[in-house]
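User: I'm new to this structure and would like to learn how to read it. Could you walk me through some of its features, one at a time?

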Amino acid sequence: MNSEFVIQTQDLSKAYGTHVALEKLNIQIPYGATGLLGQNGAGKSTFLKTILGLIQISSGEGQVLGYDVRTQGELIRSHVGYMPEYDALNPGMDGIHQVKYSGELLGMNPIVAMQRAHETLQFVGIGEQRYREIESYSTGMKQATKLACAIIHDPKLVIADEPSNGLDAYSREFMVNTLRLMVKEGERSVMMASHLMEDVERVCDNIVLLHKGKLAAQGKIEDLKAIDKEIEIHVWGKATQLEERLLSDGFKVRREGRVMRITQDSDSIATEILQAAADVGSQIRRLHEYEASLEDLFVAIMENLGYNVKSSDDLLGNPIAARRVDAPEELKEG
Amino acid sequence: MARDDARAPVTGKTRLQAAWGSNTGDEVEDIGMAALPKTGEIFNQDYKPWTGTLNPRWMRNWAILRHHLFGVFRKGYRPWGMPTRIFLVIVFIASLTDAALTLLSGILGSPELHQLWGVNRNNLYGHNLGFFPRNILYYPIVTALLVGGVISEDRHHGTSALYFSRPISRFDYTAMKFISVALIQSLIILGSYILFYFSEIIAMGRGWAWIVDTFPIFVAGLIAGILLIFTYTSLGLAMSSISRGRFFPGIGLLAFLFGSKTIAAIISGLFERDILYLLSPYDCLAHVGQALVGTQLSYTQYSWTWSLVSLVLMNGAALYVLASRVSSMEVTRE
């Protein structure tokens with residue numbers, strides 16, 4: 001096992017009869033925070049069950065924290081904290097005893113479990129509300145209690161399934177900050193499955209993107225986005241001439257009407273663009289760096305490719321709907 | 001800044017800063033104070049690691065058992081409903097009727113009363129397997145109330161994820177749920193049975209000779225009682241495992257127990273065919289119990305082993321349903 005990775009799979013496949021839920025996944029998830037992304041039915045839940053050692057894989061191999069997913073499921077679940085997406089709390093119990101019980105189910109001594117339950121509930125911000133029955137909790141408090149249940153034994157890896165789902169702005173902010181704090185201060189690894197790209201982007205350094213049971217993309221978010229850094233310009237007049245000039249100068253240009261995106265490959269690119277515009281007599285009304293958001297990447301993968309992404313050039317191969325501007329008639333040449 | 005605010009937290013930091021601070025004196029004072037918590041804010045989110053060790057499997061199983069068992073008596077464990085708790089107390093007291101009357105007959109020195117209520121073959125059988133009132137008003141309803149939500153509510157509330165994301169196997173989960181419910185019934189049925197037997201020893205001053213004579217009958221009655229608890233529990237938990245609510249498993253169990261007996265009785269009355277009693281769990285239990293304890297058999301034309309085989313088949317089918325349903329319980333989604 002390579003200690004560099006918290007989760008590692010080699011050609012991992014899972015089939016239910018003829019339906020292939022996971023197909024030859026080769027995933028390496030480093031320590032730290034990782035977002036698990038994918039549309040409904042992409043195989044996220046199956047993947048989570050697989051790495052928790054709950055279902056037998058059809059072929060391939062996988063290790064979580066160095067434990068084999070085939071044979072060491074119980075050990076994996078002892079060292080991993082899982083926060084389910086759906087309600088997983090008994091509404092008739094109070095928060096403190098619910099979290100304590102979750103610790104006891106891991107094999108914690110009842111006294112130790114109670115002490116840890118207090119600590120973890122304090123950490124997730126439940127405070128004195130811990131003595132209230134869970135049925136009276138808000139959605140945010142329930143999410144926080146589920147997180148407390150997951151981290152009571154201070155696991156090395158926390159798997160959080162839609163942790164900020166259904167939360168109001170304040171609770172969402174708190175949840176995201178809490179997860180970040182666990183990674184930064186607690187030095188724990190977090191795997192976060194979410195549809196809220198913004199939250200994933202704020203918590204995670206890496207992403208794993210699944211689509212139809214296959215690996216669509218994996219790696220550092222920054223790396224994926226950095227490849228696609230472009231300069232976006234809004235042109236008034238002679239856009240075609242400018243495009244041709246930029247192409248002849250060796251730039252990679254994508255154009256949608258009067259909006260162009262030029263791949264940023266040097267620090268002096270802005271000067272060169274302005275010079276080219278001056279030479280052909282075109283006005284640059286707006287010039288700024290364009291960096292694809294995680295959501296852009298996600299949508300592009302899902303809509304354009306689906307899987308087997310080689311680089312993020314592939315992801316953004318099709319023109320993205322660009323903002324159109326109204327230019328004076330005399331300048332509408334290009 | 002609220003340095004002079006009476007509600008400000010007393011940290012001593014400001015005073016220390018004034019005395020030992022390394023500020024140049026040129027800074028705006030507010031900047032120096034900015035690191036202090038806001039007035040009245042005492043929440044400090046710190047991640048506290050835990051370095052303890054988790055206990056092995058038996059401790060986790062004991063936690064499940066304790067959670068269900070202690071929930072009958074105390075807060076902080078499984079919240080059994082108040083009607084259930086009240087009914088358990090009523091049935092326990094009602095089940096002690098024979099023990100109380102045995103004590104009374106001893107105190108009064110009334111041989112007639114003792115003959116009616118004291119320990120003998122028929123009364124030992126009747127304590128566990130007598131139809132009215134025990135197996136129509138007491139024990140089936142106790143089982144129905146207990147099994148109602150034991151598994152179905154884990155589906156309903158999603159608390160199955162709490163178990164299966166921990167190092168708890170499906171077998172341990174099912175077994176401990178089974179044992180928990182059976183143990184609560186045992187406290188009532190077998191507990192009162194044992195008290196009944198000992199009340200005879202105390203009230204009537206029985207010696208070793210009597211104990212040696214009656215102990216095999218007592219053990220036979222105990223085995224019959226265990227068989228009754230096992231059968232009711234397995235049927236009830238099978239019902240619970242196929243449901244998401246509390247009502248259906250309870251009412252389903254009662255319908256099956258009483259319905260099968262009623263149909264057998266109707267067929268017997270109309271067509272003089274007794275064989276359908278084999279479909280009735282209670283009739284089979286009674287038949288086997290009568291054979292074990294050595295009282296008069298209800299069905300002399302059929303061997304009691306038929307009833308035993310029927311019970312084995314019923315329990316086998318119920319446990320199969322239970323096992324297959326529990327094995328299909330989801331972790332990531334329910």
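Analyst: Happy to! Let's begin with a pair of helices. In chain A, helix α3 (residues 95-104) and helix α4 (residues 110-123) have axes that come within 8 Å and cross at roughly 125°. Keep in mind that this is a predicted model.

User: Where can I see a helix pair in chain B?

Analyst: Look at helix α8 (residues 134-147) and helix α12 (residues 208-241) of chain B, which pack at an angle of about 45° with their axes 9 Å apart. That angle makes α8(B) oblique to α12(B). Their crossing is right-handed. B:Tyr139, B:Pro140 and B:Val147 are among the α8(B) residues here, meeting a set in α12(B) that includes B:Leu228, B:Tyr232 and B:Leu237. The contact of α8(B) with α12(B) divides into six nonpolar, five polar and no charged residues.

User: Now the strands, please. Which strands does β1(A) pair with?

Analyst: Strand β1 (residues 5-16) of chain A runs antiparallel to strand β3 (residues 28-30) of chain A, joined by three bridges. One of the pairs to look for is A:Gln8 with A:Gln28 in β3(A). With strand β5 (residues 59-64) of chain A, β1(A) pairs in the antiparallel sense over five bridges, and A:Gln10 stands opposite A:Glu61 there. Four bridges join β1(A) to strand β2 (residues 19-25) of chain A, again antiparallel, with A:Ala15 partnered by A:Val20.

User: How many residues lie between β1(A) and β2(A) in their hairpin?

Analyst: Two residues lie between them, and in the turn A:Gly17 has a positive phi of about 65°.

User: What is the order of strands in the open sheet of four?

Analyst: The order is β13-β14-β12-β15 in chain A, and the pairing is antiparallel. β13 (253-256) and β15 (283-290) are at the edges with a single partner strand each, so one side of each has no neighbour in the sheet. From one strand to the next, the twist averages 20°. Within this sheet, β12 (residues 230-236) and β14 (residues 259-263) are joined by five bridges, and A:His234 has A:Val259 as its bridge partner.

User: Which helices lie across those strands?

Analyst: Helix α9 (residues 239-248) of chain A lies across β12, β13, β14 and β15, at about 165° to β13(A). Helix α10 (residues 269-280) of chain A lies across β12, β14 and β15, at about 160° to β15(A).

User: Finally, how should I read the meeting of the two chains?

Analyst: The size of an interface is often given as the accessible area lost when the parts come together. Here, about 4,100 Å² is buried between chain A and chain B, and carbon and sulfur atoms give 57% of that. In chain A, the residues losing the most area to chain B are A:Tyr82, A:Tyr101 and A:Leu105, together 15% of what that side buries. Counted by contacts, 49 residues of chain A touch 37 residues of chain B.

Terms used:
Residues numbered from 1 in each chain as written. Chains lettered and ligands numbered in written order. Predicted model: local features only at pLDDT ≥ 70, side-chain atom pairs only at ≥ 80, totals over all residues. Heavy atoms only, no water. Pairing = 2+ DSSP bridges. Axes fitted to C-alpha atoms, helices over the stretch in contact; angles between N-to-C directions. Contact = heavy atoms within 4.5 Å. Parallel < 35°, antiparallel > 145°, perpendicular 65-115°, else oblique. Left-handed = near helix turned anticlockwise from the far one by under 90°. Nonpolar A, V, L, I, M, F, W, Y, C, P; charged D, E, K, R; others polar. Buried area = accessible area lost by both parts, 1.4 Å probe.
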